[in-house]
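Visitor: I would like a close look at a single part of this protein. Please show me the sequence and the model before we start.

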Amino acid sequence: MTSVLYFEKQSANLCGQHCLNNLMQGPRFSLDMLMTVARQLDQEEKKLLSDDSEFVSTNVDESGNIRLQVHGVGLNAYDISLVDSQHASVASSDIDLSSAVAFVCNLQDHWFAIRKISG
């Protein structure tokens, strides 16, 4: 039996979207969906500020590059939790990284996924 590997080649600065779809092994995340998540996060952040007149979104930039929190909310819809490597639970070894199925990585403002395929 041959495994089929799903891979989206990056277009524009949409590496965040392609990272998630490659991780999920299918076209689960559209640009519109991720932009909606980013706008919802922006609204929640604005509510926390006493003066939102100087609010600038950091959830998505003009080129379409999305932030880690947007990835997390998107993956939560599939019951997948995303834990930032800087989180205390990772630093204190509360998470067994050997049991992780995938990693969402960022290097020099480029998102990519590393995951197990067929074991």
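Visitor: Why does F103 count as partly exposed?

Guide: First, a caution: this is a predicted model. Now to F103. Its relative accessibility is 37%. Buried would require under 20%, and exposed over 50%. F103 therefore counts as partly exposed.

Next, its setting. F103 lies in strand β1. It belongs to a nonpolar surface patch, together with L107, F112 and I114. The accessible area of these four residues together is about 360 Å². Two strands contribute: β1 and β2 each supply at least two residues of the patch.

The strands also have a link to a helix. Buried residues of α1 pack against β1 (102-107) and β2 (110-115). They pack against α2 (31-48) and α3 (68-76) as well. Helix α1 itself spans residues 15-24 and is mostly covered, with ten of its ten residues buried. Among them are C15, C19, L20, L23 and M24. After α1 comes Q25, with a positive phi near 60°.

Now step back to the whole protein. It has four helices and two strands. Along the sequence the pattern reads α-α-α-α-β-β. Of its 119 residues, 29% count as buried. The accessible surface comes to about 8200 Å², and carbon and sulfur atoms hold 53% of that. Among contacts with a separation of 6 or more, 44% join residues 24 or more positions apart.

Key. Residues are numbered from 1 along each chain as its sequence is written. This is a predicted model: local features need pLDDT of at least 70, side-chain atom pairs count only at pLDDT 80 or more; totals for chains, interfaces and linings use all residues. Side-chain values use heavy atoms; hydrogens and water are left out. Buried means under 20% relative accessible area, exposed over 50%, partly exposed in between (1.4 Å probe, protein chains only). Contact means heavy atoms within 4.5 Å. Patches are made of residues with over 30% relative accessible area and no salt bridge: like charges are joined within 9 Å, nonpolar side chains (Val, Leu, Ile, Met, Phe, Trp, Tyr) within 5 Å. Accessible areas come from the Shrake-Rupley method with a 1.4 Å probe; for residues, only the protein chains shown count as cover. A salt bridge is a side-chain nitrogen of Lys or Arg within 4 Å of a carboxyl oxygen of Asp or Glu.
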